[in-house]
Amino acid sequence: QFRFAFIKATEGLITEDRLFDEYWEDAKQHNVVRGAYHYFLPNRSASVQAANFISSVKLEKGDLPPVVDVEERKGLRKQQLVKTLKIFLTKLEEHYGVKPIIYSNLNFIEDYLADDFKKYPFWIAHYYHQEMTAIDSVQLIFWQHSDKADLMGVKGKADANVFTGSEAEFKSLLLD
């Protein structure tokens with residue numbers, strides 16, 4: 001049985017995943033804790049991207065905080081990337097009343113995010129290792145340890161994630 005699932009909601013300025021609403025409701029019906037994420041395009045308006053996510057995702061009590069998936073610079077320098085990502089995160093935090101989670105791969109976090117987002121929780125993709133290598137400056141809460149997992153009820157290969165804290169810490173993460 002799945003404990004939680006992250007579901008892609010939106011990408012960029014106007015794209016909403018066509019199956020988001022179905023998957024979102026399905027997770028709720030099966031008592032799976034839900035999390036929604038936005039694939040962030042740093043060279044596009046952060047405010048418009050935040051509005052896209054907010055208009056698509058209605059978080060409820062018991063859901064996970066919103067997630068931003070940032071994996072590429074799209075030609076921006078680190079300073080520009082950080083500035084636009086902070087705008088996006090602030091908009092989501094103001095709307096949902098909770099700090100969003102930042103998702104990325106280990107190398108991207110070390111190179112572009114670790115220094116400037118110390119107050120945000122991270123969901124880190126780092127595959128094919130027996131344990132997660134800690135990054136001292138970030139708060140790791142989820143670890144995506146595989147992108148080739150065989151999961152019952154899922155067709156094809158899937159991403160596999162673990163929560164890195166205790167049961168009480170997981171419950172405290174959920175929206176009130």
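Helices (H or I, at least four residues) and strands (E, at least two) are DSSP runs, numbered from the N terminus, and E25 is found in helix 1. This is a predicted model, in which local features need pLDDT of at least 70 and side-chain atom pairs count only at pLDDT 80 or more, while totals for chains, interfaces and linings use all residues. Residues are numbered from 1 along each chain as its sequence is written, and side-chain values use heavy atoms, with hydrogens and water left out.

**Strand pairing** (two strands pair if DSSP finds at least two bridges between them)

- Strand 1 (residues 4-11) pairs in the parallel sense with strand 3 (residues 33-39) over 7 bridges, and K8 has Y37 of strand 3 as its bridge partner.
- Strand 1 also runs antiparallel to strand 2 (residues 15-16), to which 2 bridges join it; here the bridge partner of T10 is E16.
- The hairpin of strand 1 and strand 2 has 3 residues between the strands, and G12 takes a positive phi near 60° in this hairpin.

**Surface patches** (residues with over 30% relative accessible area and no salt bridge, with like charges joined within 9 Å and nonpolar side chains, Val, Leu, Ile, Met, Phe, Trp and Tyr, within 5 Å; areas by the Shrake-Rupley method with a 1.4 Å probe; a salt bridge being a side-chain nitrogen of Lys or Arg within 4 Å of a carboxyl oxygen of Asp or Glu)

- A patch of negative charge on the surface gathers E16, D21, E22, E25 and D26, and its largest share, 4 residues, comes from helix 1 (residues 20-29).
- L13, I14 and V48 make a nonpolar surface patch of about 280 Å², to which helix 2 (residues 46-56) contributes V48.

Key: Lys and Arg count as positive and Asp and Glu as negative; His and the chain ends are not counted. The place of a charge is taken as NZ of Lys, CZ of Arg, CG of Asp or CD of Glu.
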